[in-house]
Amino acid sequence: MIKNAVSSLMVRLLHLPRAAPTPTYRPLLPLSPPRLRVAASASPPLAAMSTAAQQAVTDQKRAVRSDVRRALKALSPDQRTSEDLAIQNNILNSSWFKASKRLCAYISCAQLREVDTSKIIAEVLSSDPEHDGQAKDIYVPRVEDKNRNMRMFKITTMDDLVKNSMNILEPSPLDASGNACEDVLSASSPVDLFVLPGQAFDRTGRRLGRGGGYYDTFLMRYQELAKEKGWSQPLLVALSYSVQILEEGIIPVNSTDVPIDALVTSSGIIPISPAALEKV
């Protein structure tokens, strides 16, 4: 009897449902360096961030800049030249550039591996209203000190530029004829367009500069001035090599980072903001 009971019990045990095997998970292979993924979520406003959080954003920005610098350094001279030409042609052939009357643009520096703007600058300075239909005024940046103070002066010739201590061309407060150059913040008419440099960008409008904060500080000042004057806000357009465009969310931002309206690459123009979508 005991033997029969044991046998019956073993049969029931054999027919009990088995537990499902524990699944094995494989980590997803990141498309970008793992340390950049820390910045995948939007950064909170600077004022709401703790000291530790602010330092984390600073460290993340430094890591992104380091990776992009390596990528830029790896670009061959032929590829750089090809992208430079295509980017500038995309700007010059755009309807919004042709329609602009006043613009601010940077003087590119090869040592900093910035997208070349020499063709754009030359086109503006050589424009003839009788042949081109409309002359343009152009203002270029001059760094005043190490406290994020930058000014934009109007130039009419490349002779208005001088090399600073870092061998970068900047406008002198006095032009080649000895006359005071017009400061864009004192101009009586608004600027239509800003042509901006940067270290990294994404397709949502995030822009990462070199860390000095000069452009963000100046852009906020100009936007406030335009608001006070009742002017339309200028279109903020950044120029980018292909390796400088990152996946969405990698670039950390805070409240002092000014977003761009559009991104110009060798492949074309990427409108981002409603203003850009309307004009581009």
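Analyst: In this predicted model, the second largest pocket holds about 220 Å³ of space. A pocket here is an open set of points on a 1 Å grid over the protein atoms alone, with protein on both sides within 12 Å along at least five of seven lines. Grid points are joined across faces, edges and corners, and the volume is the space filled by probe spheres set on them.

The model is predicted: local features need pLDDT of at least 70 and side-chain atom pairs pLDDT 80 or more, while totals for chains, interfaces and linings use all residues. Numbering runs from 1 along each chain as its sequence is written, and side-chain values use heavy atoms, without hydrogens or water.

The lining has 15 residues, and I107, S108, C109, A110 and L169 lie closest to the centre. Lining residues have an atom within 4 Å of a point. By class, nine are nonpolar, five polar and one charged. Nonpolar covers Ala, Val, Leu, Ile, Met, Phe, Trp, Tyr, Cys and Pro; Asp, Glu, Lys and Arg are charged; the others, Gly among them, are polar.

Helix α5 gives the most to this lining, four residues. Helices (DSSP H or I, at least four residues) and strands (E, at least two) are numbered from the N terminus.

Now follow α5, residues 118–125, to its partner α3. Their axes come within 9 Å and cross at roughly 35°. Each axis is a line fitted to C-alpha atoms over the stretch in contact, with angles from 0 to 180 degrees between N-to-C directions. From α3, L85, Q88, N89, I91 and L92 meet S118, K119, I120 and E123 of α5. That contact has four nonpolar, three polar and two charged residues. Contact means heavy atoms within 4.5 Å.

N90 also sits in α3. N90 is partly exposed because its relative accessible area is 23%, and the class runs between buried (under 20%) and exposed (over 50%), with a 1.4 Å probe and protein chains only. Beyond neighbours within four places in sequence, N90 contacts V264, T265, S266, S267, G268 and I269. V264 is 174 residues away along the chain, yet its C-alpha atom is 7.3 Å from that of N90.

The 24 residues of α2 (51–74) should span 34 Å at 1.5 Å a residue, and the end C-alpha atoms are 35 Å apart, which agrees. The expected span is 1.5 Å times one less than the number of residues.

R210, G211, G212, G213 and Y214 are the closest to its centre among 41 lining residues. Those residues divide into 17 nonpolar, 12 polar and 12 charged.

R210 also lines the largest cavity, together with residues including Y106, L112 and L239. A cavity is a set of points where a 1.4 Å probe fits but cannot get out. This one holds about 40 Å³.

Overall, the chain has eight helices and 11 strands. Of its 280 residues, 41% count as buried.
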